[in-house]
Each structure stands twice: as structure tokens, then as C-alpha cells.
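Welcome! Here is a short tour of a protein structure, from its charged pairs to its overall build.

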Amino acid sequence: MAIDIFTVETVFLRTLYVLLYIEVGTRRLRFRPATSNPDGDFLTQQARNLAMAGELEGFGFLIRDRDSKDSRAFDEVFRSEGIRVLKTPIRAPDANALAERAIRTVKTAGTDQMLFAGRRQLDRFLAGYEEHYNSRRPHRGIDLHAPETIDVISEQVPVDKIERCRVLGGLINEYHERAA
């Protein structure tokens, strides 16, 4: 698992911070609720929430940068779950390339294209984007599958039975088989 924090500006010129988790093997992406104050207590609580929900099972390591917001208590939550915490070298963003690339994708395809009034609107958008990213978006690193469709064999559909569905207010288009 790799984590990082990115920022989103609101229309009222407030900066919101979003904590992103991405599973290295499956490319499954998760967002935690946005906040205007991402201190160590907030991050530790988000890690606890993941642990209590059982979402940390099966992970052997966590890749994170050396941000001062990531406290010892934050790391301890992962260590208590048997996860080894790996800190990236100083000034080496490529060491956490998977999280950095996921952030670039989210910003380019989503948050940079929209205006957000506040935290609740951003959280709703990110929930929709997470669902699209994990269930529909093809990834080169996993043979053009979506994370939730790995090992799922789908039937080919004739072109005349395909319809376009707009996602996230029309920012993204998905194509599905037309209902009979």
C-alpha cells in the first residue's frame, strides 16, 4: 500500500487536503474524507478507521513520504497490524511513484476540471471517482483491467448494443451494454 496527501482549492480559496491510499498489487484506490487541517491526529484516526474496518489485512508494507504530518502514532497503527512502514528518501518523489501517479490522474481527470464549494461536495465527487477508478477504468499495469475486474472474463458486445453513460457530471464517459 502507498499513501500520499494532495490538495484541492475551493471556489472560496480554501485549501482542502485529501489522503489517498493505493494498493500496489491491484491498483485499487481509496480516498479518506477531506480536511482543512491534516495534522497527525487526523491521519492517525484515518489509519485507525482503516484498521477497524479490516481494510489493512493482507498488506505487508506501507510506502509513505517523510511528511511531518505522519506521526509516530500513525506509523504505530500500521505496525500493530503487522505492516512494515517504508519511508521514501528525502526529496525523492519517484520513490512513491504509484501514489504520485494516482494523484496526477485524479487531478488531471477530475479535481482540476471542477469547482468545489466545500468539503462535502469534494468528498461526494471523490467517492464517485473512486468507484469509477476501481470498477471501470482500465490500467496499463494490470493488463488494461480495472482493479475490481481482474480475472473476470467478459463477453464481447456488438457495437450497436453499446450505449454511453456520463460519469461525474460528464467529465468521464463509460460505455455499457444497452439493456434489452
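## A charged pair to start with

Which residue forms a salt bridge with Asp75? The partner is Arg64, with the closest N and O atoms 2.8 Å apart. Here a salt bridge is a side-chain nitrogen of Lys or Arg within 4 Å of a carboxyl oxygen of Asp or Glu. Asp75 sits in helix 2 (residues 72–80) and Arg64 in strand 4, so the pair ties together parts that are 11 residues apart in sequence. Both Asp75 and Arg64 are buried; buried means under 20% relative accessible area, exposed over 50%, and partly exposed in between (1.4 Å probe, protein chains only).

## About the model

This is a predicted model, where local features need pLDDT of at least 70, side-chain atom pairs count only at pLDDT 80 or more, and totals for chains, interfaces and linings use all residues. Residues are numbered from 1 along each chain as its sequence is written, and side-chain values use heavy atoms, leaving out hydrogens and water.

The structure holds five salt bridges. In one of them, Glu55 meets Arg30 at 3.2 Å, N to O. Glu55 is partly exposed at 26% relative accessibility, while Arg30 is buried at 13%. Glu23 pairs with Arg28, at 3.5 Å between the closest N and O atoms.

## The whole chain

The protein chain has four helices and seven strands, counted as DSSP runs (helices H or I, at least four residues; strands E, at least two) numbered from the N terminus. Of its 180 residues, 38% count as buried. The C-alpha trace spans about 55 × 40 × 30 Å along its principal axes.
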